[in-house]
Amino acid sequence: MRFLSVAPLLFASLTVSAFAQSSLKLIPIPREVREASSQSLAQGIQITCSSPCAAEDSFAIDDLKSYLASQGITVNATSPVTVLVTRYGSSLSRSILSDATPGGKATDFPAEMKAEGYAIIPDGKGLALTAASDSGIFYALQTVKQMVTGYGANAVLRTATIRDWPAMKYRGLSDDLSRGPFPTFEFQKKQIRIFAAYKVNIYSPYFEHTMQYTGHPLMAPPGGTLTQEQARELVVYAAKYHVTIIPEQEAFGHLHYLLNWEKYAPIAETPHGQVLAPAQPEGQKLTHDMFYELAQIFPGPFLHLGADETVELGKGQTKAEVDSKGLGTVYLGFLQRIVADLQPLNRKLLFWGDIAYKEPELLKQLPGSFKKATIAVPWEYSPHPSFDRYIKPFTDAGFETWVAPGINNWSRVYPNWNNGLANIQRFTADGQRLGATGQLNTIWNDDGEALANADWYGILFGAEAAWHQGEASIPVFQSGFGASFHGDVTGKIDQAQREMMAAHQLLKDSSYKVDAQDLLFWQDPWNADGQRIAGQIRSILPELRLHAERALILVAEARNANPNLRETDALDVLDLGARRMDLIGLKFQISDEIANSYAHAFTLQTSKNRDDRLELSRELNSINAVNGKLQDLRNNYSLLRDLYEQAWLKSYRPYFLRNNLERYDYTIQMWLGRIDRMRTAQRQWTNSQTLPTAAELGIPAPPVLAK
């Protein structure tokens, strides 16, 4: 057997290349792996307990059985291939642990493995596994899921010897439920199942105004709210999968939707702003009311206060106090009052660290009771060589600290994994080095357009980085994602993701210096701003489109190679992202062609030469006809509108969808209007042998003439 250690000192020299080339594609990569043989599952598989199963173990086994059934694999008592599950404590379990331990000696379950660790060995019939905890057994069986490849009679079990346990105790995801998209309840359950499959144990729904409160009914928008009944059901559901739900309710800033109501105007720092005024007692009462309700709904050990981006603090009601005492003092003072008020709840209270990290001396001076009651969560979403400056103000002051990277999905036609993976990798590794106990990866929906099924790549790498000791390998993850998540053994899905990364990077490296954001997708290429941008990206448009189109081809080839790929909704969104990326390039290319064609036609209108007049008509028809360039833009936006709506409804409620469809409809109407104006110009040519100027039609000057 081949021994693949993931010890940090060996990782760079051995494991990256070895694990990338291994037939085992596991996320997260286990601490220690010795790859063994593969066994056919043509006759199905047995899953048994060595003694009567605990209820938790039975649930984990049933979860594995359900997964195998979805892959066309039968679970039966006559199969020659078995998965044996045993709780640690028996002589059999000790034998499994010893066989899994390098050197073959293990007198007891190591302390670091007891909470969530597990051991797996090949036993001649299949696999045998043991763990000392409910979650350990569950995670061992989640790993077994990934060791099954292929479908139906062609499926195989790839066996290995594994010892595994996490680097970080808390491995979570913060999910933005307040900036437009709101998942269906069934999709939230699916999210929890997938989080658990990759050993994520924290789910933190982010609320500004979308949690239902009986004491403050104004804030909840119809159709876009998590009800208390749903929340309680979700808590119970998540617990079965060893996922703790930490509700985040913004308690200081980011309360714009609430503060728009006249009832709450007196507690706003600025009129119709987003920040509570600390001097107003009713502001703290609001926080008290919300969190006392949350505590009754979510029984876990944590609540999240938010308290980030309080940019208006000191700009309105609190200006005099901030001018007198300083922003940091006022901010931390209000935070202390909130924490003190919530102490009877007996919960650890998380708060975002973006304001407080700028006040390292004030943090050190905070009372021990405050530090004991809270967890600081510094966040930063760009790649940096080091994240120490975000983390150390809290760890140096004695706070328990979690780090919060981001997947970079917000406001983009498809997430930018160049930023996301590098940010997650370094921030998480620095957090581990500095003693952070958790990672809270983040997804945000800033402009309301993001699609949840685009996010899994970044979510799974966050899971890899938090479980992995030291710095997780981006190349190894990129070589294994498609196989682990989609069941794609061709590598084409992995390559498609890299093509989208290359397209983003191409835009970022151009003189435009911004990646493929939604604003670029919606940008009118004919107005002054669009023409400025065109000059910055014109030279890279063919290469941009080729990257996007290669992604489309690769996804199609992967689907053709395996009709049983998993998570096809995510592939649909990858396809949609590539089409949106391609349309960015096509839009600017076509606009240049229209400008050139019309300018050429305009110069020919005074010619009496028959060929010139035929050429003029051909130029006009190339712009506006059955296969005209204006029709190309109308058709593409119309197609993507329908694909977007379909993708949205796979994961989200109808709430907020109209806002985004209107962007498509507006843009389609814009190109329809230009089609109509061009048709009028064509009739003018037919009737009077004259043409309006390009400026009268809104057509920009040709790029060769642009100054």
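**Helix α18 and its neighbours**

Modeller: Let's start with the residues that touch. On the α18 side, Lys492, Ile493, Gln495, Ala496, Glu499, Met500, Ala502, Ala503, Leu506 and Leu507 meet α21, which brings Glu543, Leu544, His547, Arg550, Ala551, Leu554, Val555, Glu557 and Ala558. Sorted by class, this contact of α18 with α21 has 12 nonpolar, two polar and five charged residues. Bear in mind throughout that this is a predicted model.

Now the geometry of that pair. Helix α18 covers residues 492–509 and helix α21 covers residues 541–561; their axes lie 8 Å apart and the packing angle is about 165°. An angle over 145 degrees counts as roughly antiparallel, so that is how α18 runs relative to α21. The crossing of α18 past α21 is left-handed.

On to α17, which also packs on α18. Helix α17 takes in residues 474–486, and it meets α18 at an angle of about 125°, with the axes 7 Å apart. The two helices are therefore oblique to each other. Here α17 passes α18 in a right-handed crossing. From α17, the contact uses Gln478, Ser479, Gly480, Phe481, Gly482 and His486, and from α18 it uses Ile493, Asp494, Gln497, Arg498 and Met501. By class, that gives three nonpolar, six polar and two charged residues for the contact of α17 with α18.

A search of the whole structure turns up one, and it joins Cys49 and Cys53, with the sulfur atoms 1.5 Å apart. The link is right-handed, with 75° about the S-S bond. As for accessibility, Cys49 counts as partly exposed because its relative value is 23%, and Cys53 is partly exposed too, at 30%.

One last stop is Leu649, in helix α24, which spans residues 629–651. With a relative accessibility of 43%, Leu649 is partly exposed. Setting aside neighbours within four places in sequence, Leu649 is in contact with Pro654 and Leu657. Pro183 is 466 residues from Leu649 along the chain, yet their C-alpha atoms are separated by 9.0 Å.

Key: Residues numbered from 1 in each chain as written. Predicted model: local features only at pLDDT ≥ 70, side-chain atom pairs only at ≥ 80, totals over all residues. Heavy atoms only, no water. Helix = DSSP H or I, 4+ residues; strand = E, 2+ residues; numbered from the N terminus. Buried < 20%, exposed > 50% of the residue type's maximum accessible area, 1.4 Å probe, protein only. Contact = heavy atoms within 4.5 Å. Axes fitted to C-alpha atoms, helices over the stretch in contact; angles between N-to-C directions. Parallel < 35°, antiparallel > 145°, perpendicular 65-115°, else oblique. Left-handed = near helix turned anticlockwise from the far one by under 90°. Nonpolar A, V, L, I, M, F, W, Y, C, P; charged D, E, K, R; others polar. Disulfide = S-S within 2.5 Å.
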